[in-house]
Amino acid sequence: MQRQNFKWQEMTMGTCYYPEHWDKSLWEQDIERMLDCGISVIRIAEFSWNKIEPEEGTFTFGFFDEFLELCRKKDIKVIFGTPTATPPAWLTEKYPEVLNAAKDGTLYRHGGRRHYNYNSPVYNRLSARIVEEIGKHYGKHPAIVGWQIDNELNCETCEFYSEADSKAFREFAKEKYGSLEALNKAWGTAFWNQTYTSWEQIYVPRLVLSSGINPHMHLDYFRFISESAVRFCKMQADILRKYCKESDFITTNGMFWNIDNHRMAEECLDVYTYDSYPNFAYGLAAVPDKHALKDRHWSKNLNEVRSICRHFGIMEQQSGANGWTTRMESPAPRPGQLKLWAMQSVAHGADFVSFFRWRTSTIGTEIYWYGILDYDNRDNRKLAEVKDFYQMFKKLDPVCGAEYVAAFALLKDYDNVWDTEVDVWHRRVAEESEEEIFAAAELSHTPYDVVYLRPETDVSDLEGYPVVFYPHPVILDEKRAALLEEYVSRGGTLIVGCRSGYKDMQGHCVMLPQPGLLQKLTGTDVKDFTFVNPREERTSAVWGQEEMETPVFNDVLTPLEGTKVLASYKNGYYAGEAALTEHAFGKGRVLHLGSAFSKENTCRIFRYTGIYDLFADLADIPETMEAVLRRKDKRYYLFVLNFQKDWGEICLKQEMRRMDTGEICKGKLMLPAYGTVVLAREDEGE
């Protein structure tokens, strides 16, 4: 379980504010208006390097001294951001080696953001220096309660191709493998005559013909990016801890790609924060959503965030339409959606919600990334909705710190996550299954936790879940296989899909019968397999008297002794062969599905394993609404969120108390369009 050094003790609301964007005459009025609607914390400064170091080696603190003194007087608290996401023009002009580059080596120039690379010695030195100066000057400031490192590490780009990155990648490879002989073996360089005879021949991925990048080197490259980002984050955290108050927390706002976010949280942070923008679902360029989950789909991301930090914060919560002058056209949130989306975050574990941003910027690329207030600075429906949210939010103080209740766990690991970036076969299968398992869980009200398998994970992290899905563990080692064996032997139910266990940790295909190291658990042998051929008929299987989907890829399963066939393929050249099996192992069992997961076959598995619809005893809740349960001190809190533009009905089977009104309810309860309700079930035995 992830370490967490800081937790909010009460539900806390904030916003993001940029005093450098506004005339000083607005500052006091802005803070007073914030306080009036319940905002007690603001985040500042994450893009303000020049305000503190306008030229190299010259530090001026007057601007933020003045603003922070006003915050102290008005009693509004501050999260201070380190400004390393946007190096100033004097820095990039004098030291172009700090810039990131495209894969062809072209440098990204000044004028955007996140255009630096983590591995430039110059950038590390200058970043460390400004963080040190900020820490020394503001570390004990009474208005400051927290520190944000950089901004959205690995956003904009999560790949780095500068000369400094190639030099650092060589050192990474040297440390990992020790010798070129070991590296060549690990990277399989005998293929296509790629053997390296000098460390200087090694680079980060470059443009190659036919996009034929060595997959084993590519996998290590993503591991290297993660190492680089975590090291950069830790450098700043270590400096801040020398100066900040013991009560202050250190965070950063994620969650982005090619970073081991769990390790970063463990080694660098006290608490993790996330940027929540469900309105992306309505963007004019949004990908069609076959399950019509739309903004509700954002709960999938919140499940991931909770795996990093059980009681996280939202550093940027959607308050208006999102867009830049260069991309991302989107409609305004409909009345009620601002509050709905904020409650969606709270339901999944957020005890701190900070809206982005207080007022829409009148300058720059983000003039269409709308805040609570618009350019005209007048009160509006969004501000009224923030006030309304706060009234409900504060009534949820008893829920602060409550645990999310899950019916099952979805297992993941970074090796397989990064392999999906390298291997398009793995990606097609894995992405389909993850989306479909989420849809099945949402629509059937069978919530889940995401659990990442990490070096320190042990069986205690799994045994609280009666069922775990590990959909397609393509990459597997003996340690993970042993962990799964221990979980199942103690009585757990493990469910795996096709394409499991056929690679080692370097991405080499193993010369073992599939599913490799899992075969003892699954009790199956895979002798034949294929992508489903879209030019042939749709593949399916028969389970009992019912037909079910077997999409994307089909492993033809041969049951070994003691393994029961639950479903057989109905069509294809392997009609009649096993498609789903069950194998007893110790006190538990393993279900092996020979395909990707779909909403349909996942719901069938939910029912078979007895976890379908966690809330069936509490209420009848339609598919159109999301339901979440949090628990604290034997008291349950049921969140119901209506994502539809029409009224919806739920039926409570037990007496429950509304947190907003205190009313005791049972039977029919109506929720308005985009409405939410939180219901408390009294202590067991009362």
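This is a predicted model: local features need pLDDT of at least 70, side-chain atom pairs count only at pLDDT 80 or more; totals for chains, interfaces and linings use all residues.
Local features are given where pLDDT is at least 70, and side-chain atom pairs where pLDDT is 80 or more, while totals for chains, interfaces and linings use all residues. Residues are numbered from 1 along each chain as its sequence is written, and side-chain values use heavy atoms, without hydrogens or water.

**View 1. Crossing of helices H13 and H14.** Helix H13 covers residues 414-422 and helix H14 residues 424-444; helices are DSSP runs (H or I, at least four residues) numbered from the N terminus. Their axes come within 6 Å and cross at roughly 120 degrees. Axes are lines fitted to C-alpha atoms over the stretch in contact, with angles from 0 to 180 degrees between N-to-C directions. The contact (heavy atoms within 4.5 Å) involves Asn416, Asp419, Thr420, Glu421 and Val422 of H13 and Val424, His426, Arg427 and Ala430 of H14.

**View 2. Two tyrosine pairs.** Rings of Phe, Tyr and Trp (its six-membered ring) pair if their centres lie within 6.5 Å; planes under 30 degrees apart are stacked, over 60 edge-to-face and the rest tilted. The whole structure has 57 aromatic pairs. Tyr116 and Tyr123 are stacked, with ring centres 4.6 Å apart and planes at 25 degrees. Tyr573 and Tyr574 are edge-to-face, at 4.7 Å centre to centre and 85 degrees between the planes. Tyr573 is exposed at 56% relative accessible area, whereas Tyr574 is buried at 5% (buried is under 20%, exposed over 50%, partly exposed in between; 1.4 Å probe, protein chains only).

**View 3. Helix H17 and the residue after it.** Buried residues of H17 (residues 599-609) include Cys603, Ile605 and Phe606. Just after H17, Gly610 has a positive phi of about 80 degrees.

Definitions and conventions: Helices (H or I, at least four residues) and strands (E, at least two) are DSSP runs, numbered from the N terminus.
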